[in-house]
Amino acid sequence: MLNDPERYRVILPAIARVAALAVVCAGIGWLWGARVGLWVGVACLGVLYLGQLVYLSALGNWLERPSLATIPNGIGAWGEVFARLYRQQRASEIAQQRLIDNEERFRRTISALPDGIMLIDASFQIEWCNPVAERHLAVSLRRDQGLRLTNLVRDPAFVAYMGAGRFESPLLFSPLALPAATLSLAVVEFEPARSIVVTRDVTQSERVDAMRRDFVANVSHELRTPLTVIKGFLEAMIDAGADLDSTRLHHLNLMYEQADRMHRLVEDLLILSRLESQEGPESEEDVDAAQLVAEVADEARTLSAGRHRISVEAEKLRLRGSRDELRSAYSNLMSNAVRYTPVGGQFTLRCVAQDGGVALQVEDTGIGVAPEHIPRLTERFYRVDKSRSRETGGTGLGLAIVKHVLIRHQGRLDVQSEVGRGSLFSAWFPPESFRCGFLRFQRPLGLRDAAGLGLGAAATLFESA
């Protein structure tokens, strides 16, 4: 909109011309009569009117195809109008060219990324993708733009992942177009009707992880036999050690305790290697969750040996998965409660319906965990109190086993704890209807502190499980 000085600069010359015309017509009327002056005035106004029509027509034709090169020329007020249109059109074309250049620079930047980037709409139709995404998913932007991505990429794991619509965790899969590669795929919803599909080639890191798992499994397997032999001989020497002095007998007991601890460590490492090497449980079955809780409670009474008060609250619920793995995970939660609850304390084993799924819970009145330690509890060998962990005989792998069991069952671990007051560990499993097979999800577990804040689920987008 024009401000007052600019408006006057356009209008005042036109008013001045009309005023000059009126003066001329008045002079002619004074010299040759009013009739002649009136006709001269009418003729001049007609010429001005026709001029306005010509300029309006030129303006209308230009507005149909606006271009900087075709702006009409004019005189008077129309000259000022066309000059303003020229400046505005020039500024618009400069801004448009700048946007085109920025978009082209952005596309070149995205195309140079080592990750695949694809833009899709709410119907999974391809709007744009970079060359890396074309290579990862075997699509072509020129040929497949506007087509549904799930119709082009027919990998069962990918189709199930996209159809489930739960993109909080990336998907690991080997595409049919690149059978020797492993891709990590994530979907980022940035608009109500648009999403970004990000693919990353993690083949090398997967190979390194596989080598690490094989190494740990092989070493653990080779250590199992000599440790078993050492334990057996130490046990025999202790049983036959009536003639030994107290110092030697004490040393033998210490050796046996450490050999037994190393044996349990090897067993846990073998369990972890097996959990990592398989994408899902070897077999699924309907598991009576209440019976599972009762069995672990009996195990807890044996482990506690009367040092704690143990209660059970189990609803009649069922789980779908591997019974052995579920029991192993829940038993590890229980053993932690026994180890870290002082004598005379209490812990409760529960099975409850929660958020549409099933939660296996262990609540204790133990020493508790500080909030800064909660996000790292499922790391291997991570110990809040190293000296106390060694005294209680823990291997440091129990919660890591729980984590991998939950990943394989697409569950999560919620932790609420307060130092000196106790902890609540809750292993939550989704309902079967929300589980789209045992896909290889990279799922960070949702660890929560006493205030209920998600501390573990905020891992990086491509964090390896």
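The legends below describe an overall view and several close-ups of one predicted model.

**Overall view: the whole protein.** Residues are numbered from 1 along each chain as its sequence is written. In this predicted model local features need pLDDT of at least 70 and side-chain atom pairs count only at pLDDT 80 or more, while totals for chains, interfaces and linings use all residues, and side-chain values use heavy atoms, with hydrogens and water left out. The secondary structure comprises 13 helices and 13 strands, where helices (H or I, at least four residues) and strands (E, at least two) are DSSP runs numbered from the N terminus. Of the 465 residues, 40% count as buried, a word that stands for under 20% relative accessible area, with exposed meaning over 50% and partly exposed in between (1.4 Å probe, protein chains only). Among contacts (heavy atoms within 4.5 Å) between residues at least 6 apart in sequence, 60% join residues at least 24 apart.

**Close-up one: a nonpolar patch on the surface.** Trp-30, Leu-31, Trp-32 and Val-36 make up this patch, and together they have about 560 Å² of accessible area, computed by the Shrake-Rupley method with a 1.4 Å probe, only the protein chains shown counting as cover for residues. Patches are made of residues with over 30% relative accessible area and no salt bridge, like charges being joined within 9 Å and nonpolar side chains (Val, Leu, Ile, Met, Phe, Trp, Tyr) within 5 Å; a salt bridge is a side-chain nitrogen of Lys or Arg within 4 Å of a carboxyl oxygen of Asp or Glu. Helix H1 (residues 4–32) gives the most to the patch, with three residues, whereas Val-36 is found in helix H2 (residues 34–64). Val-36 counts as partly exposed because its relative accessibility is 38%.

Thr-228 lies in helix H8, which covers residues 203–239, and it is partly exposed because its relative accessible area is 41%. From C-alpha to C-alpha, Thr-228 and Ala-259 are 8.5 Å apart in space, although they are 31 residues apart in sequence.

Strands E7 (residues 309–314) and E9 (residues 346–354) run parallel and are joined by six bridges, two strands being paired if DSSP finds at least two bridges between them. With strand E10 (residues 357–364), E9 pairs in the antiparallel sense over eight bridges. Phe-347 in E9 stands opposite Ile-310, and Phe-347 also stands opposite Asp-364 in E10.

E9 and E10 form a hairpin with two residues between them, and Asp-355 in the turn has a positive phi of about 55°.
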